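Dear colleague,

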There are 2 protein chains.
Amino acid sequence: MITLSEENYLKCIYRLGQDKGQKITPTAIADSLGNNPASVVDMIRKLTEKQLIIYDKKKGVELTAQGQKDATLIVRKHRLWEVFLLEKLGYHWDEIHDIAEELEHIKDDSLADRLDKFLGFPEYDPHGDPIPKANGKMPKRYSTTLADVKAGGFCRVAAVKDTTSSFLQYLQKLDISIGTKIQLIEKISFDGSLVISINGAEHKTVSQKFGESLLIDI
Amino acid sequence: MITLSEENYLKCIYRLGQDKGQKITPTAIADSLGNNPASVVDMIRKLTEKQLIIYDKKKGVELTAQGQKDATLIVRKHRLWEVFLLEKLGYHWDEIHDIAEELEHIKDDSLADRLDKFLGFPEYDPHGDPIPKANGKMPKRYSTTLADVKAGGFCRVAAVKDTTSSFLQYLQKLDISIGTKIQLIEKISFDGSLVISINGAEHKTVSQKFGESLLIDI
DNA sequence: AATAAAAATTAGCCTTACCTAATTTTTATT
DNA sequence: AATAAAAATTAGGTAAGGCTAATTTTTATT
């Protein structure tokens with residue numbers, strides 16, 4: 001049996017593994033979970049014994065096939081529950097993450113698949129993140145950000161890279177959600193600020209950090 | 001903050017309190033949870049400190065107003081999730097209890113109310129148990145069992161007193177569910193066995209224990 | 001009332017999953 | 001290569017929530 005903490009570590013390692021080419025170190029895991037590196041070392045030992053990860057000082061931490069499978073299922077459940085909370089229970093964008101963080105740990109063999117079916121097999125969660133399929137396959141993930149768009153270019157908001165409440169609430173205030181059309185009017189070379197037009201409305205200026213947090217489709 | 005274990009103890013005490021007139025002893029709680037009495041004594045101390053219960057050797061364990069409120073909310077969530085699992089995700093009667101046992105601990109202030117609304121404010125869960133209302137009120141609970149019916153009498157299955165898989169699966173095999181009409185043909189005085197007719201079908205014999213586990217409406 | 005049985009409690013131990021502080025190893029910088 | 005800094009690891013500790021075994025208290029039975 002895999003414990004709640006173990007699941008959280010697997011999910012964390014999975015997430016860190018998305019930034020390809022990056023070595024996953026104990027410190028990186030500790031920072032990501034807000035835990036002490038010493039605790040991480042303990043857990044690395046435990047997950048290694050359970051054959052869910054392989055730890056090599058040169059290569060860092062890597063998920064085994066089983067670890068990958070387990071982590072993918074947790075992410076799948078998390079994202080499906082997010083869809084449920086938003087679409088069925090009427091929660092807002094910025095409220096669902098923490099609840100899904102608890103729901104993702106509910107254990108039942110057929111739960112994810114039943115929920116998936118009930119929700120109509122959604123491909124992306126409310127933040128635009130791809131929902132792993134029952135077979136482990138993953139819909140395309142977006143990688144271009146608003147900050148990559150050329151001045152004058154149009155794009156469509158596809159996902160958010162940052163899912164903190166502060167960012168999501170800011171998006172709401174700006175009237176931006178998944179699918180919103182944005183035109184990049186100008187890039188301020190001084191600090192990377194972006195002048196944009198949201199759904200054809202009047203120009204607004206946002207920071208470079210903001211632009212890098214919004215994934216888009218061209 | 002109230003922990004998962006504390007919630008389980010509160011729920012257990014709440015459940016034991018339903019059998020009115022019964023003193024709730026540490027041993028009763030231990031038996032009910034499958035824990036050691038020593039562990040129960042520890043938890044009684046903890047819950048007393050948190051002012052969720054009052055323990056008096058004469059009167060046994062009782063919930064305080066706050067304990068009652070917390071326990072009721074857990075039961076409410078449990079039963080609402082059971083409705084969700086059965087009606088929305090298509091689980092069977094005997095599969096939902098254990099999953100709801102996990103779901104009931106998901107913490108969010110508005111979750112129960114949103115779920116309640118989404119499900120159309122159901123009054124009873126799939127086992128026929130009343131779902132506490134948002135204000136703490138509780139729909140009428142059935143107390144007459146099939147074993148109380150007079151020979152020749154008709155009744156309608158309103159709820160189950162026993163929610164073990166073995167009982168629920170047996171019910172399924174007998175084609176009995178909430179709402180099924182049953183006629184009590186005869187009571188065998190030797191061992192209390194009951195000869196019944198389910199939905200007007202041919203006679204079948206069930207045990208006294210069975211009859212006492214089925215709550216009915218006359 | 002004496003005694004046996006049952007229940008409650010205490011004492012001490014275990015595991016999980018964290019922690020801090022100290023130490024060792026690795027990586028970077030001069 | 002020497003050294004400083006950063007990262008990893010070890011050692012030992014804590015709180016929660018279980019456990020067993022031993023003891024005390026309560027309840028029942030003779």
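Two strands are said to pair if DSSP finds at least two bridges between them. Helices (H or I, at least four residues) and strands (E, at least two) are DSSP runs, numbered from the N terminus. This is a predicted model, in which local features need pLDDT of at least 70 and side-chain atom pairs count only at pLDDT 80 or more, while totals for chains, interfaces and linings use all residues. Residues are numbered from 1 along each chain as its sequence is written, and chains are lettered from A and ligands numbered from 1 in the order in which they are written.

In chain B, strand 5 (residues 194-198) and strand 6 (residues 203-206) run antiparallel and are joined by four bridges. B:Val195 has B:Thr205 of strand 6 as its bridge partner. The two strands of chain B form a hairpin with four residues between them, and B:Asn199 in the turn has a positive phi of about 50 degrees.

In chain A, five strands form an open sheet with antiparallel pairing, in the order 6-5-4-3-7. Its edge strands, each pairing on one side only, are strand 6 (203-206) and strand 7 (214-217) of chain A.

Yours sincerely
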